[in-house]
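Please open the structure in a viewer and keep the selection tool at hand.

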Amino acid sequence: MSAGPRAAVDAALGAAARARVELEVAVFEARGAECWCATGAGVTHARRDERGVAVRVWSGHRPGFAFSTSFDPVAVGETVRAACELAAHAAPDRHHGPAEPSATPVPQRPWQIDAGFDDVRPREKEDLVRALAAAARAAGPGVDRLRRALYRDVRETWTVATTRGLDVSVLRTRAYVSIDVAASDGRDQRAGGAAGWAPGPRLLDPERVGRAAGRRALAQLGARPVRSGRVPVVLDRESCAGLLEALSGAFSGLRVLRGRSVLGALVGRTAAAPCVTLVEDPTLPGAWGASPCDGEGRATRRTTLIEDGVLRGFLHDGFTARHLGGAAGGHALRSTITAPPAIGVRALHLLPTGPTREALLRRAAGGLLVTGLLGLHTVNPASGEFSLGAHGHAIGVDGDVGEPVDRIALSGTLAGLLGSIEAIADDLEFLPGPALGSTVLLRELAVSGR
Amino acid sequence: MPSSFPVSFDGARRVLDHALARGGCAAGLFVEVTRTSTLQWDDGRLDAATAGTDAGAALTVHDGADVHTAHVNALDEERLAALADGVARTLGRARERGVVHGAPVVAAPDVRRWPDAIPVAERAARLVAADRAARDLDPRVTQVALTLATSRRTRLVVDADGGATLESIPFVTFQAHVTAAARGRLRSATKADSATRGWEFLDEAAAIGLAREAARIACLQLDAAPAPAGTMTVVLGSRAGGTMVHEACGHGLEADFFLERLSIYAGRLGQTVASPLVTVVDDGTAPGRRGTSAFDDEGTPARRVVLIERGVLTGLLHSRSTAAALGMAPTGNGRRESYRHPPLPRMRNTFIAPGEDDPADIVASVEDGLYVAAMGGGEVDIVSGNFVFHCAEAYRIRGGRLAEPVEGATLAGNGPAVLRAIDRVGNDLGWAVGTCGKEGQGVPVADAQPTLRVPGLVVGGAG
């Protein structure tokens, strides 16, 4: 019989006591299923069964990290020993160390667990995939090819324990659907995609996701380049979320500490237009990345990064919080056992300023509605510069969504982008990702095309 | 067979036999053990040292058009048996076939010193030297972050038709990220190199060279003007690497996109799709390159595939399933990030073959344009062929000469249109490395191109 997760935790803490080092152990278990289909192919059914142990040790404030995919106590002991050997080569820093236990218990969030998760049979999951594909095709006769309709679920448990006595576990269930299709009209062909998620499969809305993907592909047929210039720009919710996620690195406390963020010197000063309040809130019910505790086991918290245009702070883990003194941690992300936790976002979003999407479009008459961005991973969080590929629609004189446009390059800086925000619609969408999206009106951006 | 590898060929065949006990027409087992160690240098010191072993197996059984697959990150008999049992249960019929015992093939890479066996102190010495070199280059350098990742990826691939391969692949990757500051401006640049070679790949001079190059570009950006916006003639220098060919053409020739008629190139085999000056090759056998291995992740030997020859579309990149569906031979491009992911047709080492022009003549031929010396990342929309990529180092061309540096430039275009527009091809060739993303999987690749002239590209910039 294989060893369980508690045995792995105990083995790691025992090995740390013998080696006389501080230690944090994270134990992960996940089981899940996938199924997907594509044009001309059958259905693929996949199952996942994973576990792992990650340990960080601090020996004289020198950090070392190692991981293993075995819960066997002997293997865990060897993993701790490997981390200790690595720590001997690292530089000491008195701000390193494991988290202390919280004064109050870390609560489970019931809305992150679907009680009916295990009752759903494979055939029902396959039906979700077929419903996705059918809804996309129903968007219009031009939707003629299916790249992939996917269903994926996971039940996962993370346990984090430290030699300081912290010991927390978080269970969550998650179900996800996505679809990518292509549409054509005989002269042109375009792609469209959409995704959605819920704590369990029966809470998903595959028709809405499939329909959105089909409509996006159809809407781009016949797109042409625009004329270069500086124009008002409206970002749709997906583009807003993508851009927020790409720029989130500029708010990392570690980047600030190491002099690698353009925002480092701006605390307490104006960093955005007065209408901008930017919040990272991992406690937000219904957010994809929400969690009661972070990757180091600390309770998560709502952190206001920008308030009414003024930069209020940064995101911290235990190390940067201790370094900067007085700052609160709780923003360490641990997405895999193969790497130590790192500062990141789970539910980054802009607070709405009020008007509707339609009102924003009317204010951007003659401008550009962006519905897709390419190259988000090239955004530079140090300088805050971005230059991205984009597609979308021209905005008519009455704010109507006009002809499709593409092969556009959008350029700017983080400061320019935040300073250019004029309004944020009251249409926050809980997308499957670490940032939430709202429709955003920008006074102007540099647009390159014809 | 390395004595330390936890699953034998016979053990893998037993798992396959178990999986086929209740039906299924084909099956394969992929077993992988990856040992990694990473040193991170930041703020003038060794900031983090990590290591670990990721081990797991993926089992796939084909049942007509449907596929049943499962993975587990353990290699003990108990959990491998459970893996096979789980897949067999979903079929629930009588056995339809057995497992053919073919002769196993073990690849022996040419490695002098395996990177996973190098002591931490020896690896850290490279970082010390590189940090000093970057800081000595220019007083405006404020931070040097270095990453040295070494790994050994060993995978055993066995299928029910008799295929059986085992290969260990070494990886050494070094990345320098340098930040420079002056007059309230903050700029950074990254340079990296990576190879499927032993520790001998990264001597001290190589590490220093990459760190100094990152420092030079970061400092250059401090004085750079915003890139111009609009349509202009662009010269892509060979030093820039092959991001353009990767994005503009390579993805569209991965056969799954072709098979599903999603690629802009679908149905165009044998047709002219590029300038007659353009020949595009993907070479999985190029010694030591980041995308090289003897076999792909389905056990097919790697090959050199000519994708476009003098402008005519001649080949595609195949996994086994796309090759079978199109009635073609697999090309050794069935790749997976790890046992957690299914194999897909992927690029390896992709390049535009050198032409005949002197690179200096190509620059001299442009009155007013943009010269791209280093590229950042990029992305392509397969269906429309539209792509974008970021320029990490670029200069204006004025009067046939390189002029002031510019920053923040992005090139946007359409793959087939750009390939047709290329009108000068240099006689040089420069490589770059990267990690290519597709359907949530990242695989190591290299790409290259000679100096190219492309009239009429959209340049995005704030200037």
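The tour begins with the whole model, moves to the contact between the chains, and then visits each chain in turn.

**Before the first selection**

This is a predicted model, in which local features need pLDDT of at least 70 and side-chain atom pairs count only at pLDDT 80 or more, while totals for chains, interfaces and linings use all residues. Residues are numbered from 1 along each chain as its sequence is written, chains are lettered from A and ligands numbered from 1 in the order in which they are written, and side-chain values use heavy atoms, with hydrogens and water left out.

The model has an ipTM of 0.89 and a pTM of 0.92.

**Stop 1: where the chains meet**

Select the residues of each chain that are in contact with the other (heavy atoms within 4.5 Å). Chain B contributes 73 residues and chain A contributes 67 residues. The size of an interface is often given as the accessible area lost when the parts come together. Here the buried area (the accessible area, with a 1.4 Å probe, that two parts lose on being put together, summed over both) is about 5,500 Å², and carbon and sulfur atoms give 50% of it.

Next, look for salt bridges (a side-chain nitrogen of Lys or Arg within 4 Å of a carboxyl oxygen of Asp or Glu). Eleven salt bridges are counted between chain B and chain A. On the side of chain B that touches chain A, the largest share, ten residues, comes from strand S2(B); helices (H or I, at least four residues) and strands (E, at least two) are DSSP runs, numbered from the N terminus.

Select Arg258(A) and Asp47(B): they form a salt bridge whose closest N and O atoms are 3.1 Å apart. Both belong to a network of salt bridges that also links Asp93(A), Arg260(A), Asp42(B), Asp43(B) and Arg45(B).

**Stop 2: a helix and a strand of chain B**

Select helix H1 of chain B, residues 9-19. Which of its residues are buried (under 20% relative accessible area; exposed is over 50% and partly exposed lies in between, with a 1.4 Å probe and protein chains only)? They are Phe9(B), Gly11(B), Ala12(B), Arg13(B), Val15(B), Leu16(B) and Ala19(B). Their cover includes helix H2 (77-91) and strands S1 (26-42) and S2 (45-63) of chain B.

Move to strand S9 of chain B, residues 230-236, where five of the seven residues are buried. Two strands pair if DSSP finds at least two bridges between them. S9(B) is joined to strand S23 (residues 452-460) by six antiparallel bridges, with Met232(B) opposite Leu457(B). Four bridges join S9(B) in parallel to strand S16 (residues 368-380) of chain B, and there Val234(B) stands opposite Leu370(B).

**Stop 3**

Select the open sheet of four strands in chain A, ordered S10-S9-S8-S13 with antiparallel pairing. Its edge strands, S10 (310-311) and S13 (348-350), each pair on one side only. Strands S8 (residues 278-280) and S9 (residues 303-307) are joined by three bridges, and Leu278(A) stands opposite Ile306(A).

Now select His331(A), in the loop between helix H7 (318-324) and strand S11 (332-333) of chain A. His331(A) counts as buried because its relative accessibility is 2%. The side chains of His331(A) and Thr303(A) are joined by a polar contact of 2.7 Å (a pair of N or O atoms within 3.5 Å; within protein, one must be able to donate a hydrogen and the other to accept it, and residues adjacent in sequence count only if both atoms are side-chain atoms).

**Stop 4: a link across chain A**

Finally, select Arg6(A) and Asp167(A), whose side chains meet in a salt bridge at 3.0 Å, N to O. Arg6(A) is in helix H1 and Asp167(A) is in strand S5 of chain A, 161 residues apart. Arg6(A) is partly exposed at 39% relative accessibility, and Asp167(A) is partly exposed at 40%.
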